[in-house]
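Work through the exercises below with the sequence and the model at hand. Each task is followed by a stepwise solution.

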Amino acid sequence: FLTQVYDAYLTHFYDPQQVECLVQAEYMNEEAREEFLSRFCREPDAEFDLAGKICMEIEEEDRSLVGFCVLGGIFSEGIDLKGEALIGALIVGTGLPQVCREREILMNYFEEQGKDGFDYAYRYPGMNKVLQAAGRVIRSRTDKGVVALLDERFELPVYRKLFPREWEHYHMVNRNNV
């Protein structure tokens, strides 16, 4: 899915004069992860580690930097890109986990308890990934940024009730008014 989104971006929106793109690889060792994350940091005289405490110095460029990462993947926790290091996240999809035997057992268990098994096995874990990704943008009181949820299902009350209270003043947009 990541590859499909990236390819669509390249086809319809990419301008190499304006934007540099980074794409999360399927298997990244610690060095590759640190190198990927360091590209987002622009604080002079600093280095970056995966605990998220510091950033590596990079040359200032005129182009914007866009990173494509897997929702809930290796960059979902343990990083701290403060200030203008990360000013937005476009979250594609609701983060639903893949159907598997364990999730189906979990769903059936909650159904037998009279609860919505789909919520516990799929919707809540998926929304947790969404909230983690959104949380990468705002890391301190002074951070500002945009989080765009790109999936019509977020319009449904079952998803909107899972939004944090800080999101109560969200704005619905579409391709014509964004």
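**Exercise 1: cysteines**

At 17% relative accessibility, Cys21 counts as buried, because buried means under 20% relative accessible area, exposed over 50% and partly exposed in between (1.4 Å probe, protein chains only). The model is predicted: local features need pLDDT of at least 70, side-chain atom pairs count only at pLDDT 80 or more, and totals for chains, interfaces and linings use all residues. Residues are numbered from 1 along each chain as its sequence is written, and side-chain values use heavy atoms, with hydrogens and water left out.

Task: classify Cys69 and give the number of disulfides (cysteine sulfur pairs within 2.5 Å).

Solution. Step 1: Cys69 has 35% relative accessibility and is therefore partly exposed. Step 2: the disulfide count is 0.

**Exercise 2: helix H2**

Task: state which residues of H2 are buried and which strands they pack against.

Solution. Step 1: H2 spans residues 30-38, and its buried residues are Phe36, Leu37 and Ser38. Helices (H or I, at least four residues) and strands (E, at least two) are DSSP runs, numbered from the N terminus. Step 2: these buried residues pack against strand S1 (19-23) and strand S2 (64-68), where contact means heavy atoms within 4.5 Å.

**Exercise 3: aromatic rings**

Task: describe the pairing of Tyr6 with Phe68.

Solution. Step 1: the whole structure has 14 aromatic pairs; rings of Phe, Tyr and Trp (its six-membered ring) pair if their centres lie within 6.5 Å, and planes under 30 degrees apart count as stacked, over 60 as edge-to-face and the rest as tilted. Step 2: Tyr6 and Phe68 are edge-to-face, at 5.1 Å centre to centre and 70° between the planes. Step 3: Tyr6 lies in helix H1 (residues 2-12) and Phe68 in strand S2, 62 residues apart. Step 4: both Tyr6 and Phe68 are buried.
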